[in-house]
Amino acid sequence: TETEQGGLRRIAGYGVTITRGAASGMMWTYSVLLITMSRNFITYLRETPFNYYVPFDAYISFHKIVAFTALLFSMTHIIGHGLNFYHISTETPHDLLCIFTEVYYRTNYLPSSLYWLFLTMTGFSAFLVTLIGIVIFVFATQYARRYAFKAFWLTHHWYILFYIFMFLHGSGRLVQDPLFGN
């Protein structure tokens with residue numbers, strides 16, 4: 001791809017592969033999560049011949065399995081970015097300007113991790129989507145559902161913000177154009 005010729009893989013190494021692989025898994029699992037809780041769609045599918053082969057009555061259990069898988073992909077994605085930040089922090093400011101063409105900073109200044117996390121759209125949206133995801137997962141535990149159901153219900157409705165910030169994270173153009181159509 002265009003980014004590989006730009007030198008990102010040379011600088012960041014395996015972190016790019018880990019991050020992109022986990023992102024692909026996240027795109028699939030977080031899309032499936034929406035489908036698993038679409039009651040009208042599940043009801044429609046129960047009336048089709050697929051109902052003989054797929055246990056649509058177990059959609060909540062399937063939702064939990066997909067959510068846990070999405071959590072694993074998210075953690076892998078975060079670890080991959082940690083590796084990327086480590087490798088990027090050792091580069092010269094001039095080399096970084098060649099890779100991060102959409103980001104502006106002084107040429108004699110090496111941006112810190114705080115810069116990448118809080119002063120770029122990609123970083124700030126990643127921080128927010130991670131924070132929202134943690135809150136949703138904590139309140140999805142059996143204990144929270146049993147003893148704080150209103151909090152479970154409220155935080156699960158934050159999924160709208162979660163998907164908005166996930167979209168913003170992917171469209172930040174930090175390294176390349178978004179890959180939504182691919």
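## Helices α8 and α10

In this predicted model, helix α8 (residues 121-139) and helix α10 (residues 149-156) have axes that come within 9 Å and cross at roughly 145°, where axes are lines fitted to C-alpha atoms, for helices over the stretch in contact, and angles run from 0 to 180 degrees between N-to-C directions. Helices here are DSSP runs of H or I with at least four residues, numbered from the N terminus. The crossing of α8 and α10 is left-handed, a term used if the near helix is turned anticlockwise from the far one by less than a right angle.

Val 135, Ile 136 and Phe 139 of α8 are in contact with Ala 151, Phe 152, Thr 155 and His 156 of α10, contact being heavy atoms within 4.5 Å. By class, this contact of α8 with α10 holds 5 nonpolar, 2 polar and no charged residues; Ala, Val, Leu, Ile, Met, Phe, Trp, Tyr, Cys and Pro count as nonpolar, Asp, Glu, Lys and Arg as charged, and the others, Gly among them, as polar.

## Two partners of helix α11

The axes of α8 and α11 are 8 Å apart, and the two helices pack at an angle of about 155°. They are therefore roughly antiparallel to each other, the term for angles over 145 degrees. The crossing of α8 with α11 is left-handed, and among the residues that make the contact are Leu 128, Val 129 and Ile 132 of α8, and Phe 162, Phe 165 and Met 166 of α11. By class, the contact of α8 with α11 has 12 nonpolar, 4 polar and no charged residues.

Helix α3 (residues 14-36) and helix α11 (residues 159-170) have axes that come within 13 Å and cross at roughly 150°, which makes α3 roughly antiparallel to α11. In this contact, Met 26, Tyr 30, Leu 33 and Leu 34 of α3 meet Tyr 159, Phe 162, Tyr 163 and Met 166 of α11. The contact of α3 with α11 has 8 nonpolar, no polar and no charged residues.

## The second largest pocket

The lining of the second largest pocket has 27 residues, and Met 37, His 63, Ile 136, Phe 152 and His 156 are those nearest its centre. Elements that give two or more residues to this lining are α3, α5 (59-88), α8, α10 and α11, and α5 gives the most, with 7 residues. The lining divides into 18 nonpolar, 6 polar and 3 charged residues.

## About the model

Residues are numbered from 1 along each chain as its sequence is written, and side-chain values use heavy atoms, with hydrogens and water left out. As this is a predicted model, local features need pLDDT of at least 70 and side-chain atom pairs count only at pLDDT 80 or more, while totals for chains, interfaces and linings use all residues.

Conventions
Parallel < 35°, antiparallel > 145°, perpendicular 65-115°, else oblique. 1 Å grid on protein atoms, 1.4 Å probe; cavity = no way out; pocket = protein on both sides within 12 Å on 5 of 7 lines; lining within 4 Å.
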